[in-house]
Amino acid sequence: MEEQETQDDGLQFNSRVDLTKLQEAVGQIKSELGKVIIGQQDMIELLIISILADGHSLIEGVPGVAKTVTAKLLAKTMNVDFSRIQFTPDLMPSDILGTSIFNVKTSEFEFKKGPLFSNIILIDEINRAPAKTQAALFEAMAERQITMDGIEYGMQPPFLVFATQNPIEQEGTYRLPEAQLDRFLFKINVYYPSLEEEIQILESKHEQKTKVEEDLVSTLLSAAEIAEYQNTIRSIIVEKNLLKYIASIVDNTRSNANLYLGASPRASISIMEASKALAAINGRDFVTPEDIKKVAAPVLAHRIMLTPEREMEGLTAEQVVKQIVDSIEIPR
């Protein structure tokens, strides 16, 4: 590889990033998931981006649109520990974090780790657990560690939380705290499949007969390879004018008349990291304005709050994000 290459726009970079292995791995993951999951390409791509950007994802959609199955199968493509936690109204923090147990032989308390101590954690129906249990996730999601009895226990990388929730059913659910929502890189909205996709789903299910879905998907990546690709993402180039573009988008959420609550600096960082991963998936070692525009809504929509008046009018957070992005001049 040459020490220096020139892009069509005349910009020169002293070092280039080899994205061949990363692109091949992403292609293989999509191929493996395609054996079972029909459609839902946006959800799959955003979940892959979240892995590369080392961020958590909240997956929202009505029951039966393959939220949980997709997350499980994606975890199956990686040779790492996987843990699934079903959130319920009676779930306590100790049920997910672990608890101290008295050891009779040593006459000391020993910490028995809970299911949160894993690499890929799938939390099903995250909005069903009460606030105390939700709060138990804060430290783990933000700092990749848990403090119990004054002792810090670190999470082994990769540590990623995929959480699902149903936006329609409200009985027996609890609204996620804003501080917790801010810890999710993406909120991924999953919609019904098209008629053609639903026909393919039926045909695929009919042909599977008694085959188990998870057996159809092969394991592709090791923890070391995931760490390598995450490091590769950090090397993707972002020009200063694009950093200003990201900051302008987020800053606009704080002064927008349609919004009661704007996004935090964590949102700016999330847009930058997600756009880097999207650029790498597309074989580019540099970020473009289109990358930023594509990830803006999944990053921002769950971090902002509409004013009551706009909410009553039926305006959505996604629509406001689009208005903001469209109103800011694209850097050239």
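Is Thr 70 buried or exposed? At 0% relative accessibility, Thr 70 counts as buried, where buried means under 20% relative accessible area, exposed means over 50%, and partly exposed is in between (1.4 Å probe, protein chains only). Keep in mind that this is a predicted model: local features need pLDDT of at least 70, side-chain atom pairs count only at pLDDT 80 or more, and totals for chains, interfaces and linings use all residues. Residues are numbered from 1 along each chain as its sequence is written, and side-chain values use heavy atoms, with hydrogens and water left out.

**The whole chain**

- The protein chain has 14 helices and 15 strands; these are DSSP runs numbered from the N terminus, with helices (H or I) of at least four residues and strands (E) of at least two.
- The chain's radius of gyration is 21 Å, close to the 20 Å that the globule rule gives for 332 residues, so it is as compact as a globular protein of that length. That radius is taken over C-alpha atoms, and the rule is 2.2 Å times the number of residues to the power 0.38.
- Along the principal axes, the C-alpha atoms fill a box of roughly 70 × 50 × 50 Å.
- Of the 332 residues in the protein chain, 49% are buried.
- Take the chain's contacts (heavy atoms within 4.5 Å) with a separation of 6 or more: 76% of them are between residues 24 or more positions apart.
- The accessible surface of the chain comes to about 16,900 Å², and 51% of that belongs to carbon and sulfur atoms. Accessible areas come from the Shrake-Rupley method with a 1.4 Å probe; for residues, only the protein chains shown count as cover.

**The five-strand sheet**

- An open sheet is formed by 5 strands in the order β5-β8-β11-β3-β12, with parallel pairing. Two strands pair if DSSP finds at least two bridges between them.
- At the edges sit β5 and β12 (184-189), each pairing on one side only.
- Neighbouring strands of this sheet are turned by 15° against each other on average, direction ignored. The axes behind that angle are lines fitted to C-alpha atoms (for helices over the stretch in contact), and angles run from 0 to 180 degrees between N-to-C directions.
- Strands β5 and β8 (residues 120-124) run parallel and are joined by 5 bridges.
- Two spots to look at along that pairing: Arg 84 has Leu 122 of β8 as its bridge partner, and Ile 85 stands opposite Ile 123 in β8.
- In a regular strand the side chains alternate between the two faces of the sheet. For β5 (residues 82-86), Ser 83 and Ile 85 make up the covered face, while Phe 82, Arg 84 and Gln 86 make up the uncovered one.

**Aromatic pairs**

- A search of the whole structure finds 4 aromatic pairs. Rings of Phe, Tyr and Trp (its six-membered ring) pair if their centres lie within 6.5 Å; planes under 30 degrees apart count as stacked, over 60 as edge-to-face, and the rest as tilted.
- The Phe 102 and Phe 109 rings have centres 5.3 Å apart and planes at 65°, so this pair is edge-to-face.
- Phe 102 is partly exposed at 45% relative accessibility, and Phe 109 is exposed, with a relative accessible area of 61%.
- Phe 111 and Phe 117 also form an edge-to-face pair, at 5.9 Å centre to centre and 70° between the planes.
- Phe 111 counts as buried at 17% relative accessibility, and Phe 117 counts as buried at 18%.
- Together with Tyr 153, Phe 111 and Phe 117 form one aromatic cluster.

**Individual residues**

- Thr 70 has its place in helix α3 (residues 67-76). Leaving out residues up to four places away in sequence, Thr 70 touches Leu 33, Ile 37, Met 43, Ile 44 and Leu 47.
- Ser 218 is in the loop between α8 (195-208) and β13 (221-222), and counts as partly exposed at 34% relative accessibility.
- With residues up to four places away in sequence not counted, Ser 218 touches Glu 32, Lys 35, Lys 76 and Thr 77.
- From Ser 218 to Asp 124 it is 94 residues in sequence and 23 Å in space, C-alpha to C-alpha.
- Glu 309 belongs to helix α13 (residues 308-312) and is partly exposed, at 49% relative accessibility.
- Glu 309 and Ala 224 are 85 residues apart in sequence, and their C-alpha atoms are 49 Å apart in space.
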